[in-house]
Amino acid sequence: MKFFHLVWGNLTRHKLRTSLTLLSILVAFVLFGFLCAIKQALVGGVALAGADRLIVRHKVSIIQMLPETYQVRMERIPGVAAAAHQTWFGGIYQDPKNFFMQNPVVPEQFMAMFPEFILPPEQMKAWLATRTGAIVGRNTAERFHWKVGDKVPIMSPIWMRKTWEFDIVGIFDGAKKGTDTTSMFFRYDYFDEVRKAQNWGQGLVGWYTIRVKDPTQAADVARRVDEEFANSQAETKTEPEGAFAQGFANQVGNIAFIVAGILGAVFFTILLVTGSTMSQAVRERIGELGVLKAIGFTNGQVLSLVLAESCLLTVLGGVLGLALAWVLTARGDPTGGMLPMFFFPVHDVLIGLGISVALGLITGLLPAQQAMRLRVAEALRRM
């Protein structure tokens, strides 16, 4: 630290060049933050998926439905602790761009299956007492300025009834950061009543979530479930909840590979830019480096000074970029509902800090070695 003033003085000698390089690094790390937030939004549900939960869907496709009667049979299978079903509703609030998930569920079974959703007890009682009652996640409630007691009309392009009206009786929060609180859940009995009146789809559900007694036996339980419904009119495919969530993410593509490819190209460019800056800075100071050696600086100290200058430049740009990305992503989903878990994870921030240090070491290594190998007499002649 006693040579910090020397390192800082070298950085600020050419303010325009340093500022432009610093800005390039800052922009790269802002992009890093946004891409990490997008990746979190697309695949975050995989990490949050319960290890003891399995998803049972139709073997052909998730758009094919399963009989409601399967639930009792599932709960009798050895290793299954409980089962709950959901059905994709696919409704629209006011405008098609107002996308968010709505599913009919059996309230008690659903809340027991998903303890990550926190609903006040009095609101749970109101849900059980209100046939048209619905609960909505905090994120969506704030997005549309809904409050408990509001009546919400939802247009359904899938189900035959044109407009469904729901009473908002509760607003749930997530037990953990990153829990999806954009969905709305309403009562399955109300949903099935309307389907009965329309004589279409009654007694059919979209998929089941089952909780296994022992997560280490999940694969065996999944096999037993599928064997139970083999050769029936609605055969099943059972998979871990994480794999189910990953399947949705994979519809976009290999998110991790896409993000890594973009960031690789960006940081390679920054590597060239910063390396060029440091090489030029060392060439301009050959005489000064010779003087430092002449007055007693060792090769190791000269090497350390150049590396410290390079690292200071990249770490300063990285910290500023990461901080700006944190502030911008903290404002939440910029798409209005398509990326419900949009935030910059702390572990990615730490990775970003590590990358900034690594960039400094890599870009400063060759210029630092050149400075270390300088002969005093040759360096002084070039002053």
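I began with R138, which is partly exposed at a relative accessible area of 31%; the model is a predicted one, and I read each entry with that in mind. The side chain of R138 meets that of D173 in a salt bridge, at 2.8 Å from N to O. D173 lies in strand β8 and R138 in helix α6 (residues 138-144), so this pair ties together parts that are 35 residues apart in sequence. D173 is likewise listed as partly exposed, with a relative accessible area of 29%.

R211 counts as buried because its relative accessibility, 19%, falls under the 20% cut-off.

A further pair that I looked up is R187 with D189, whose side chains form a salt bridge at 2.6 Å, N to O. R187 is buried, with a relative accessible area of 11%, while D189 is partly exposed at 36%. I also noted that salt bridges with shared partners join R53, E116 and E241 into one network. The structure holds 13 salt bridges.

Next I turned to the strands. An open sheet is formed by 4 strands in the order β3-β11-β1-β12, with antiparallel pairing. Its edge strands, each pairing on one side only, are β3 (80-86) and β12 (236-240), and the twist from one strand to the next averages 25°. Within this sheet, β1 (residues 53-58) and β11 (residues 207-212) run antiparallel and are joined by 4 bridges; V56 stands opposite Y208 in β11. Helix α8 (residues 218-228) lies across β1, β3, β11 and β12, and runs at about 170° to β12.

In β9, F186 is the bridge partner of P104, and M184 stands opposite V136.

For helix α7 (residues 188-198), I found Y188, Y190, F191, D192, V194 and R195 to be buried. The buried residues of α7 pack against β3, β4 (102-105), β8 (163-174), β9 (184-187) and β10 (204-205). N199 follows the helix, and its phi is positive, near 55°.

Which residues touch the most other members of the largest nonpolar core? Of its 39 residues, these are F89, W146, I154, W164, F166, M184 and I210. I checked I154 in particular: leaving aside neighbours within four places in sequence, its contacts include F89, Y93, F100, W164, F166 and M184. A second, separate core of 19 residues includes L11, L263, L322 and A325.

Last, I recorded the totals for the protein chain, which has 14 helices and 12 strands. Buried residues make up 46% of its 383 residues, and of the contacts with a separation of 6 or more, 79% are between residues 24 or more positions apart. The chain exposes about 19,100 Å², of which carbon and sulfur atoms supply 62%.

How values were computed. Residues numbered from 1 in each chain as written. Predicted model: local features only at pLDDT ≥ 70, side-chain atom pairs only at ≥ 80, totals over all residues. Heavy atoms only, no water. Pairing = 2+ DSSP bridges. Helix = DSSP H or I, 4+ residues; strand = E, 2+ residues; numbered from the N terminus. Axes fitted to C-alpha atoms, helices over the stretch in contact; angles between N-to-C directions. Contact = heavy atoms within 4.5 Å. Buried < 20%, exposed > 50% of the residue type's maximum accessible area, 1.4 Å probe, protein only. Core = buried A, V, L, I, M, F, W, Y, C linked by side-chain atoms within 4.5 Å. Areas by Shrake-Rupley, 256 points an atom, 1.4 Å probe, with all protein chains shown as cover. Salt bridge = Lys/Arg side-chain N within 4 Å of Asp/Glu carboxyl O.
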